[in-house]
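Please view the sequence and structure first.

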Amino acid sequence: MNIIWHGVRDAHAMEEQALTMLRGMLSRLENYPVLCARMEQHVTETERQAEALKKLLEGRDSGASLVKDTLGKATALGQALSGMFADDEVIKGVMASYTFEQMEVAAYKVLISTAAVLEDTTAMAIFEQNLTEEQDMADWLFDHLDQTTRIFLARDEAGLPARR
Ligand code: MG
Ligand code: FE
């Protein structure tokens, strides 16, 4: 198996992990409608990313079984972050989310370089679109960290359920 397919397989596992963490966090965002809407958008994007990577793997000799083998397997960083995602404090979830997006950005950057060396334009197009979506999500989370923190603090001040 070519080295790029190990990378694609890992990226697919990463996206599956992202979906689990995003969906878990979404269930606790009822008091953060702006953040909730953006994360719902990213769930849709992530579903498409995972599907595109799966198709890429299935289209090659690596086969779908390799995708199946890695389903549910988490990256070490993802595992470290999953506790923060699961935390009731929305702010911790946003910090974990931002960190995870940056890991995704780096993963696709590496895959883009790999695809360039192998002159694989099909794979390149998928990695580039995914990279753009991860970067946009990371930027959005960063740009809204002030707003999200202020909502959190205002709710705490008002004696509303502090941890949400
Ligand atoms: Mg992703
Ligand atoms: Fe992402």
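The model is predicted, so local features need pLDDT of at least 70 and side-chain atom pairs count only at pLDDT 80 or more, while totals for chains, interfaces and linings use all residues. Residues are numbered from 1 along each chain as its sequence is written, and side-chain values use heavy atoms, with hydrogens and water left out.

**Cavity**

- A search of the whole structure finds one cavity of 30 Å³ or more (a cavity is a set of points, on a 1 Å grid over the protein atoms alone, where a 1.4 Å probe fits but cannot get out; volume is the space filled by probe spheres set on the points, which are joined across faces, edges and corners).
- The largest cavity holds about 30 Å³ of space.
- Its lining (residues with an atom within 4 Å of a point) consists of Ala 18, Leu 22, Phe 85, Ser 97, Phe 100 and Glu 101.
- Helices H1 (3-26) and H5 (90-118) each supply at least two residues of this lining (helices are DSSP runs of H or I, at least four residues, numbered from the N terminus).
- H5 gives the largest share, three residues.
- By class, the lining has four nonpolar, one polar and one charged residues (Ala, Val, Leu, Ile, Met, Phe, Trp, Tyr, Cys and Pro count as nonpolar, Asp, Glu, Lys and Arg as charged, the others, Gly among them, as polar).

**Packing of H5 with H6**

- H5 and H6 (residues 121-143) pack at an angle of about 155 degrees, with axes 8 Å apart (axes are lines fitted to C-alpha atoms over the stretch in contact; angles run from 0 to 180 degrees between N-to-C directions).
- H5 is therefore roughly antiparallel to H6 (an angle over 145 degrees).
- The contact of H5 with H6 has 16 nonpolar, four polar and five charged residues.

Terms used:
Chains lettered and ligands numbered in written order. 1 Å grid on protein atoms, 1.4 Å probe; cavity = no way out; pocket = protein on both sides within 12 Å on 5 of 7 lines; lining within 4 Å. Parallel < 35°, antiparallel > 145°, perpendicular 65-115°, else oblique.
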